[in-house]
Amino acid sequence: MHDYDVFTVGSKAEVLEKSRQFWNPGKTDFWAESGVDLVIDRRESYFIWDMSGIRLIDVHLNGGTYNLGHRNPELVEAITTGMRSFDIGNHHFPSSARAALAQALISSAPANLTKVVYGSGGGEAIDIGLKTARHTTQRRKIVSIVRAYHGHTGLAVAAGDDRFSTLFLADRPEEFVHVPFNDLPAMQAALAGSDVAAVIMETIPATYGFPLPGPGYLEAVKAECERRGSLYIADEVQTGLMRTGEMWAITKHGIEPDILVTGKGLSGGMYPIAAVLVSEKCAEWLTEDGFAHMSSFGGAELGCVAALKTLEICSRPETRSMVHYISDRIGRGLRAIQSRYPDWFTGIRQNGVVMGLEFDHPEGAKYVMRHLYRNGVWAIFSTLDPRVLQYKPGLLMTPELCEELLDRTEAGIAEASAQARRGPAGSRR
Amino acid sequence: MSAVSSGVPGAKPGQGGHAAGEGGHAAGHGAGHGTASGNAVAATYRARQMLARAHWAAGAFATYDRASVLRIAHAAATTAHAQARRYAEWAVKETGFGVAEHKVIKNEACSLGIFERYAGEDYVSPRLDTAGKIVSLPRPAGVVLALTPSTNPVCSVFFKIIIALLTRNAIVVSPHPMAKDCCTDAVRLLASAAVDAGAPDGTIQVVSDPTVPLIEALMADPVTDVIVATGGTAVVAAAHRSGNPALGVGPGNVPVLVDATADLAAAARRIVDSKAFDNSVLCTNESVLVVQDSVADQLLREMQRQHAAVLDLPATGKLRAYLFPDGRLNGEAIGKDAAWIAERAGVRVPPRTRVLVAPFGLVVPEEPLAREKLSPVLGLVRAQTAERGIEAARAVVRLGGPGHSAAIHSREPRTIMRFGVRVPVLRVAVNVGNSTGSSGLETNLAPSMTLGTGFAGGSSIGENLEPRHLVNWARVAYNCDASVPFDDFTGIAATEQPDGPVPGYPSASNLPGAPALRPPSAAAGSPAGAGQPAGASASAGASASAGASASAGAVASPDWAGAAGPHGSTAVSDGVREQLRALIIEELQQLVRG
């Protein structure tokens, strides 16, 4: 019996059964078939425990949502204290928490960004960014990359890969143009008509398996935007908040985006919140019609408390230093593993603790995911490129945990290699 | 040496003068930081994260080769030495304790002085005992949590940082709150000098706003490997209670005996110099002078010549009333000079007076002048015989707590031996001032700012703290049976030379020069190189002895490392370095062949 106070659960099997019945049969079955029969029970630091009691090191972190670990005690304390004063708040009015967070975000970001618009999650924030770009430029077209992923709300899902939009008849090819990643001529062609409101780009496209922008690519895209009067929207939902060893990955390219979107990790994994940082030019609508975008939960004050503490932790020199150590340690460890399985483990895409591991099989990452799971590590394959495993260590890991992670990772990769070499396994989906 | 009290009037001396010192660490922490509890909690989390960062740094530092370690420690020492005067003046201004000129001496001794004293020792390379068939491998402690006092503020910071660097430890310094500004500045300066010289990022950090709960949390944190606590009794006791290994230093109350055989002129000069040193805020400054009756008047005349003022009984009464108004040490007198104290006490003394000598009859608990006074006030008792004098010295230590130090001026070895046997301290300074004698500046004891008070004094060490106390040695021991051979470790690397900033900047892996898979050929010729991450094979080669390690390092990694410098070479990518290294190794091999 698992007693969670407001409800109790008899067994894991019962959870799975009810999930099929009342929640999401597709997802429930998918994981069962994938060999990842996970129902998360306890969670703490960089560990999650399945209801069966098995402990896993979390290097999925839901795209950086758990950058600071699960239920980070500093965040728990900040939010618990915050609950003495705050609830979600009334989104119509100015609020001390929203003003404080906005100021903190602006001081963390490239100098040209001056105002903050809040959302309740990344998708909404992307929609706000795209709406802002359209208003500012009075243009309608949005350019994103092939296999992009920006969320599932109306405009965000249209900007992303068809995988998630056509099902809901939400694709709008006439307004949302997709160009191949790292293909500058294609981008230049898409912008040539000077009719594009904005290019939206994850600084490293996560769901596509973290392919790295080629040297100078993003810089050239930004320059082309400026030439054609289009705005540049940096989707930093997964790459922001120190994951690349800098607060915002886009600054490693020396780019001042017109709009920067953050979410996921900003919540500390504790209370949902997302934010859009905009330049003075893009902020114009906030003066013209401050009620133009409304969101009951956008900028919820408890979320602001979580985000302020998250931002403060991420901005510490200690955090920056640790991320650099972790990036270095894990990078070296992975290269050492790769040298032992060079034909199977074919590539490492790394920028800080943003990592994509490439395997020599069209669905290699699914094999590896399954075998890592059996070896006590939870990492997820890239939905839009299943050769590549998303491997996202936390910002505050200890050297000991990094070593344990690498030991388990090598074991999982070795087992996956052996299985994949035996030919296409029955478990392939 | 010990911390001194808060300087808060009415700080309680307790059994020994240094109980007041603890009050200082505690009360001082609280005072002036009326932070809300929420902020205090946040500060504690932050400080714990400093330990976590230090843990990473320590792991990296523990792999460094000796040449790199010496370069880093030397950089920190010279940086500290160059600022000795500035910090001496700052410390006096901030704490109100001591004499800037004297603090200059200590700051210099604890920077380059300490470095030079220990630079010849090797705490880095493996040691081979061929006959015993044992290889000894140094294991640094890891994360050193250093508590530094208000009385010896910056010199203690220098001292602990340099011995930590020499032994490849990371260090987090928590200064006494009364001296936090000068100490924080000093730690940051040395941290940046060390990193510029190639130390891992985060090797040296400082708790800039210490509070009692914060320090207690750090002392108990599992990431702390060893606490080096210099302070009053309570701070040291807290360190020992924390559950982490602690090298704590307890209080002292120093007796000095002058017997009838002593060179009285020399003894007088040494005692007055030592007592006046830094206005007597050290735990090594003499507290009570015990003199054999037959030479007492002559000694006192000699001391007057050295500008000691010997008070009469009424003046002593006034001084006692001022220094211990309600039986507790008056905080405002701590570390002040003799003339200032005399004036406050309403006692007339000649100009240029350096020490006030206050006679009393018997060393007993109810006589406050027998306790530590943390000011240039020297208690004086007369003893009929040397043997009685030794018993009086025992009584002085009984009041202050055992294990610290004592001094004797004598030319009679029987008396000196008897003094050593009977007085329960762990260092006896003979014919030398105790403040520079027991701290090893004018004796051949290890020069130190931290004097272990041993078992009796509740400390893990009974010696003067020195670098070797921060290293364990792993013993790789072979079967002693003659049929099992010992191995030749020549040319087998145990350390690495860092090949750039540590950790490297996290550049994207597809940028030119980003770390890549090592081509198999690049590792050739390096026994330890195969399969190791980039940089490992550049390590010092043979480390069988100090000399071997240094020279092997020079062979395996030619001057490019020194020329480019581990810092400021970020533009040179790892890949380029790899290529350069391969080229140079190839060239060297051809030279050797040719």
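Trainee: Where is the place of Gln138(A)?

Mentor: Gln138(A) is in the loop between helix 6 (122-137) and strand 7 (141-145) of chain A; helices (H or I, at least four residues) and strands (E, at least two) are DSSP runs, numbered from the N terminus. The model is predicted, with pLDDT of at least 70 needed for local features and 80 or more for side-chain atom pairs, while totals for chains, interfaces and linings use all residues; side-chain values use heavy atoms, leaving out hydrogens and water. Residues are numbered from 1 along each chain as its sequence is written, and chains are lettered from A and ligands numbered from 1 in the order in which they are written.

Trainee: What is the phi of Gln138(A), and is Gln138(A) buried or exposed?

Mentor: Buried means under 20% relative accessible area, exposed over 50% and partly exposed in between, with a 1.4 Å probe and protein chains only. Gln138(A) is not a glycine, yet its phi is positive, at about 55°. With a relative accessible area of 63%, Gln138(A) is exposed. Leu169(A), another residue other than glycine, also has a positive phi, near 55°. Leu169(A) belongs to the loop between helix 8 (162-165) and strand 8 (176-179) of chain A, and is exposed at 75%.

Trainee: Which backbone oxygen does the side chain of Thr310(A) reach?

Mentor: A polar contact is a pair of N or O atoms within 3.5 Å; within protein, one must be able to donate a hydrogen and the other to accept it, and residues adjacent in sequence count only if both atoms are side-chain atoms. The side chain of Thr310(A) reaches the backbone oxygen of Ala306(A) at 2.8 Å. Thr310(A) is part of helix 12 (residues 301-314) of chain A and is buried, with a relative accessible area of 1%. Leaving aside residues up to four places away in sequence, Thr310(A) touches (heavy atoms within 4.5 Å) several residues, including Leu68(A), Leu75(A) and Leu266(A).

Trainee: How many bridges join strand 4 of chain A to strand 5 of chain A?

Mentor: Two strands pair if DSSP finds at least two bridges between them. Here three bridges join strand 4 (residues 47-50) to strand 5 (residues 55-58) of chain A, and the two run antiparallel. Ile48(A) stands opposite Leu56(A) in strand 5. These strands form a hairpin with four residues between them, and Gly53(A) in the turn has a positive phi of about 100°. Strand 5 of chain A also runs parallel to strand 15 (residues 377-378) of chain A, joined by two bridges; there Ile57(A) has Val377(A) as its bridge partner.

Trainee: At what angle do helix 5 of chain B and helix 6 of chain B pack?

Mentor: Axes are lines fitted to C-alpha atoms, for helices over the stretch in contact, and angles run from 0 to 180 degrees between N-to-C directions. Helix 5 (residues 100-118) and helix 6 (residues 153-166) of chain B pack at about 10°, their axes 8 Å apart. Helix 5 of chain B is therefore roughly parallel to helix 6 of chain B; angles under 35 degrees count as roughly parallel, over 145 as roughly antiparallel, 65 to 115 as roughly perpendicular and the rest as oblique. Among the residues that meet are Ile114(B) and Phe115(B) from helix 5, and Phe158(B) and Ile162(B) from helix 6.

Trainee: Where does Pro503(B) lie?

Mentor: Pro503(B) lies in the loop between strand 15 (471-477) and helix 17 (546-556) of chain B. The peptide bond from Val502(B) to Pro503(B) is cis, with omega near -5°.
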